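The sequence and structure come first.

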Amino acid sequence: IALGVGAIVTLRSVIQGVRQVFAGEARALLGADLVVSSSRPIEGEVAQAIGARLAAAGALVTRTAETATMARAGAAAGVDGPARMVELKAVGPGFPYYGTLVLEGGGRYSHALIADGGALVRPELLAQLGIAVGDTLALGGRDFTVRGVIDAEPGRRLGAFSLGPRVIVDLADLEQTSLLAFGSRVTYQRLVKVPDTALAGLVTALREDVKNSFVRVRSYTTTEGDL
């Protein structure tokens with residue numbers, strides 16, 4: 001009996017430890033506790049309902065948008081090279097809530113690094129376009145200054161299918177380009193940080209709020225299950 005009880009206690013301790021590790025990894029993979037996403041702009045009554053629900057829960061919220069587009073060296077770079085397909089991610093202040101955006105050379109990411117026309121890029125894009133940090137990158141009819149090189153990004157799985165190198169810019173700057181025009185294929189997201197005690201109820205309530213729209217709600221627990 002003593003051995004059996006000891007084995008059960010040990011096994012439960014191991015399981016709890018593994019669950020904690022997976023929960024941390026799942027949050028880092030998602031970058032938040034839950035994500036509200038849509039292939040259309042989240043606006044109007046749906047946006048108001050979501051905003052009211054998140055405010056009532058005391059949640060922290062930041063927005064992102066992702067799209068695939070073409071990039072080329074900016075005019076100021078002095079390079080006349082080909083365009084390359086990239087996966088563009090525009091983020092707001094606060095991103096990411098979990099995980100770490102690692103830059104080459106040990107630099108620390110902050111939103112100020114991309115604010116007012118800055119961009120972070122993968123090293124392979126620099127090689128493809130023949131540019132370097134400090135040069136400009138043309139995206140959606142606007143030039144962005146390359147201010148850092150991405151080494152690792154939260155929410156990006158190793159070996160995952162990619163249409164091209166990652167580029168990260170400020171969401172406010174993306175909104176000043178032509179890339180969000182009608183017909184563009186963009187994924188809009190709200191990343192949410194909320195206490196675990198409120199998470200399950202918030203997910204259920206949000207799904208009820210958006211059930212007749214093109215909006216999807218998922219939490220880190222879904223990703224945890226996948227892991």
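## Salt bridges around Lys89

Lys89 and Glu66 form a salt bridge, with their closest N and O atoms 3.6 Å apart; the term means a side-chain nitrogen of Lys or Arg within 4 Å of a carboxyl oxygen of Asp or Glu. Lys89 lies in strand E3 (residues 84-91) and Glu66 in strand E2 (residues 60-73), so the pair ties together parts 23 residues apart in sequence. Strands are DSSP runs of E of at least two residues, and helices are runs of H or I of at least four, numbered from the N terminus. This is a predicted model: local features need pLDDT of at least 70 and side-chain atom pairs 80 or more, while totals for chains, interfaces and linings use all residues. Residues are numbered from 1 along each chain as its sequence is written, and side-chain values use heavy atoms, without hydrogens and water.

Lys89 is buried at 8% relative accessibility, and Glu66 is partly exposed at 24% (buried is under 20% relative accessible area, exposed over 50%, partly exposed in between; 1.4 Å probe, protein chains only). Lys89 also meets Glu153 in a salt bridge (3.9 Å, N to O). Glu153 lies in the loop between strand E7 (142-152) and strand E8 (166-170), so this pair with Lys89 in strand E3 ties together parts 64 residues apart in sequence.

## Chain as a whole

The chain has six helices and 10 strands. Of its 227 residues, 42% count as buried.

## An exposed residue

Val9 lies in helix H1 (residues 2-30) and is exposed, with a relative accessible area of 52%.
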